[in-house]
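Please walk me through this structure, one packing site at a time.

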Amino acid sequence: MSTRIADRLHAARRRFFVGRNAQKELLHAAVTNEEPSFCVMYVYGPGGIGKTALLHEFADEARDLGADPAYLDMRSVEATPDAFASGLALSLGGDAQQNPIDLLHARPNKCVLLLDTCEMLAPLEGWLRESFLPAMPANTIAVMAGRNAPSSAWSADHGWQSLLQVVPLRNLTPDESMAYLDLRTVPRTERSGIVDFTHGHPLAISLVADVLDQHPGRHFEPLAAPDMIQSLLERLVQDAPSPRHQAALEAACLALYMTEGLLADMLELEDARVYFEWLRSLSFMEAGRYGLFPHDLVRETMATDLHWRNPDWYVELHRRARTFYHERLRQTTGFNQRRILAELVFLHRDSAIVRSFFDFQVNDALYTDHLRPSDVDAIVAMVETHEGTESARLAAFWCERQPDTVLIMRDQFQRHVGFLVILRLQDIDPVDIAQDVAAAAVWAFARQQAPLRPGEQVLFYRFWMDQKSYQAISTTQSRLFLNMLQYYLVTPNLAYSFLVCAEPDFYRDVLTYADINRVPELDFTLGERRYGLFYHDWRLRPPAAWLQLMADREIAYSAETALPPPPSAAGPSILFLSQPEFAQAVREALRHLGRADALQANPLVRSRLVDSHAGADASAAACAGVLQELILAAIELLQSSPRQRKLHRALYHTYLQPAPTQEVAAEMLDLPFSTYRRHLKEGIENLVETLWRQELDA
């Protein structure tokens with residue numbers, strides 16, 4: 001007997017079907033048991049997830065088990081009871097005029113109804129639930145597949161609660177994805193990249209395999225395949241009702257979680273509720289505790305397409321999201337601030353460096369806690385396991401000396417799963433610092449760079465680890481990094497931060513990306529392990545400037561464009577002055593206030609105060625001009641207070657419009673010379689104080 005094309009299609013479908021073993025086991029049990037545990041299986045998932053392929057596999061499984069399958073795609077059926085009944089009757093082998101319930105009762109074998117694209121059946125849902133499905137024979141199994149989960153009316157019905165099996169369909173596992181690519185004869189060198197990009201989404205994997213089949217020898221590169229990306233978009237994304245709806249979807253694919261407030265800022269709207277509710281209605285959007293988020297493949301596809309198609313809009317959406325997060329960072333503390341940091345870091349996921357070292361998802365099963373007396377033994381045991389006896393002794397020592405900055409990572413059962421020991425070196429007795437070779441080296445290095453000014457702090461992340469995986473990539477490690485970031489941003493007058501790494505070469509790229517730089521001369525050996533040190537100079541690049549640097553690197557796609565310039569490309573280093581040195585420089589600047597050439601030699605032109613206003617690439621002449629403007633603005637402030645106007649007048653006639661001599665200046669002000677000198681002295685002191693505050697805050 002000759003075979004049909006349908007037989008060849010059937011064979012090809014079965015050959016390339018992989019995974020879904022749990023779903024197949026459910027169907028097997030329902031068909032083989034005398035009284036099935038459910039009558040309706042409701043399978044749901046986003047477009048392209050493999051619902052149709054699963055229904056066809058179910059049809060083959062049913063035949064193998066002696067049952068009769070009947071498949072009906074609801075896209076070809078009008079959403080009315082009569083049209084549904086006619087379509088199903090034809091699928092059962094009857095006439096369009098026959099009642100499908102009668103046809104089911106007349107069958108000697110069990111029957112498995114396979115109803116595809118059931119999102120089209122929304123107008124019939126109540127009729128199906130209350131009339132049609134209850135009338136089926138008890139040995140009939142209905143499998144309904146659609147993009148959306150069944151409505152709450154199903155679970156509200158006590159009868160259907162026990163007879164409905166809801167099955168959310170997810171992506172293929174990495175092993176299943178690899179098995180499919182093996183069947184498609186995709187080169188092994190391409191498979192890992194494909195699985196990473198598609199996240200195991202069946203349609204996406206199939207499309208990539210098609211592209212490689214059509215172009216033998218071609219390497220998979222998402223940015224180089226806009227035709228494939230467009231195919232994915234056409235299948236996965238519904239047509240947006242308006243350009244603003246489309247913009248809302250693009251924004252949701254860039255943010256980790258989308259809230260109504262974030263959406264309003266990214267779309268620059270007063271009220272974004274209508275667009276937020278539209279996003280919520282999409283089948284591939286999920287609602288989590290912190291907002292909406294799209295299916296991974298939709299996110300990756302939309303973001304990749306947008307970056308290729310409209311890079312300027314891509315950058316602008318990033319900027320608006322970043323501005324929103326920066327504002328929220330100033331308004332939050334504790335866990336909420338760390339959560340916002342996680343969302344801010346998520347904007348860097350296009351960097352292969354960051355993506356490889358960070359778990360972006362907010363994990364509610366882990367939380368940060370402070371040290372309890374009962375934790376010390378567990379910390380010491382953790383350190384001894386991973387670093388040895390000498391390190392464990394130092395961990396116990398520092399837990400005793402500075403317990404308030406030891407952070408414990410706990411799981412939902414309050415068990416310790418990791419910890420972070422932060423040393424505030426400026427508050428530690430030098431004798432104690434000398435007990436630890438690492439702390440001593442870091443403290444000496446910090447003091448050699450520039451004198452610490454009153455109130456400035458030095459943070460040393462001395463110990464950090466996951467209980468099981470030590471300093472390897474893990475969810476705990478990512479949460480510890482968020483705590484480190486939080487300390488960077490909230491510690492007042494932070495001068496330096498240092499981080500110890502057991503595998504410095506492993507973390508070098510991601511830390512360099514974050515402008516946390518390797519200091520090989522600080523490497524130290526303890527026990528049998530050698531450690532590396534990284535540091536950031538927060539006086540040279542304070543938190544606000546650091547956030548801007550991260551913003552500049554945020555949209556970079558490659559490590560080359562994301563990394564900082566080599567040291568040789570850096571401009572003149574910033575000069576950090578003690579308060580007395582700063583005050584003397586202000587007095588010298590006053591004497592040369594009208595001479596821009598003389599001001600170029602003043603130490604203040606290399607201060608952080610001037611750098612924060614002039615920018616890193618400014619010339620010496622431009623910096624001198626900025627210094628002049630800052631001094632004039634500070635003097636002008638004295639006029640705003642009636643009590644200080646006398647100080648302003650003394651400075652004005654001495655330095656801005658100077659009299660020939662100070663005696664003449666006193667006469668012009670109609671003051672005794674001693675009174676004039678006192679006003680001038682107070683005016684200079686006030687000016688120094690104002691500029692010093694600005695220097696510390698820059």
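Helix α28 (residues 579–591) and helix α34 (residues 673–697) cross at roughly 120°, and their axes come within 10 Å. The two helices are therefore oblique to each other. The model is a predicted one. The crossing of α28 and α34 is right-handed. From α28, the contact draws on Q579, F582, A583, V586, R587 and L590. From α34, it draws on I684, L687, V688, L691, W692 and E695. By class, the residues of this contact are 9 nonpolar, 1 polar and 2 charged.

Packed helices are described by the angle between their axes and the distance between the axes.

Take the next pair. Helix α9 (residues 174–183) packs against helix α10 (residues 188–198) at an angle of about 140°, with the axes 10 Å apart. Angles over 145 degrees count as roughly antiparallel, and those from 65 to 115 as roughly perpendicular. That makes α9 oblique to α10. The crossing of α9 and α10 is right-handed. On the α9 side, P174, S177, M178, L181 and D182 make the contact. On the α10 side, the contact residues are R188, R191, S192, I194 and V195. The contact of α9 with α10 divides into 5 nonpolar, 2 polar and 3 charged residues.

The crossing of α13 and α17 is right-handed. Four residues of α13 are involved: A247, E250, A251 and L254. They meet W313, Y314, L317 and H318 in α17. The contact of α13 with α17 has 6 nonpolar, 1 polar and 1 charged residues.

Now turn to the cores. In soluble globular proteins, nonpolar side chains tend to be buried together. Here, the largest nonpolar core has 75 residues. Which of them have the most contacts inside this core? They are M258, L263, L279, Y325, Y461 and W464. A second, separate core holds 45 residues, among them A439, Y470, F498 and V519.

Beyond its neighbours within four places in sequence, L263 is in contact with A248, A251, M258, A272, Y275, F276 and L279. One of these, A251, is also part of the α13 contact with α17.

Y470 sits in the loop between β11 (457–466) and α24 (475–490). With a relative accessible area of 9%, Y470 is buried.

R20 also has a positive phi, near 60°, in a residue other than glycine. Where is R20 placed? R20 lies in the loop between α1 (5–15) and α2 (21–32). Its relative accessible area is 8%, so R20 is buried.

Another loop residue is I516, found between α25 (504–513) and β13 (517–518). Is I516 buried or exposed? At 5% relative accessibility, I516 counts as buried. Not counting residues up to four places away in sequence, I516 touches Y488, L511, F534, Y535 and H536. I516 and P543 are 27 residues apart along the chain, and their C-alpha atoms are separated by 13 Å.

I101 lies in helix α5 (residues 100–106). The cut-off for buried is under 20% relative accessible area. I101 is at 12% relative accessibility, so it counts as buried. Leaving aside neighbours within four places in sequence, I101 is in contact with F132, A135 and M136. From I101 to A153 the separation is 52 residues in sequence and 23 Å in space, C-alpha to C-alpha.

S281 lies in helix α15 (residues 273–281). At 47% relative accessibility, S281 counts as partly exposed. S281 and V406 are 125 residues apart in sequence, and their C-alpha atoms are 44 Å apart in space.

Methods. Residues are numbered from 1 along each chain as its sequence is written. This is a predicted model: local features need pLDDT of at least 70, side-chain atom pairs count only at pLDDT 80 or more; totals for chains, interfaces and linings use all residues. Side-chain values use heavy atoms; hydrogens and water are left out. Axes are lines fitted to C-alpha atoms, for helices over the stretch in contact, and angles run from 0 to 180 degrees between N-to-C directions. Angles under 35 degrees count as roughly parallel, over 145 as roughly antiparallel, 65 to 115 as roughly perpendicular and the rest as oblique. A crossing is left-handed if the near helix is turned anticlockwise from the far one by less than a right angle, and right-handed if clockwise. Contact means heavy atoms within 4.5 Å. Ala, Val, Leu, Ile, Met, Phe, Trp, Tyr, Cys and Pro count as nonpolar, Asp, Glu, Lys and Arg as charged, and the others, Gly among them, as polar. A nonpolar core is a set of buried Ala, Val, Leu, Ile, Met, Phe, Trp, Tyr and Cys residues joined through side-chain atoms within 4.5 Å. Buried means under 20% relative accessible area, exposed over 50%, partly exposed in between (1.4 Å probe, protein chains only).
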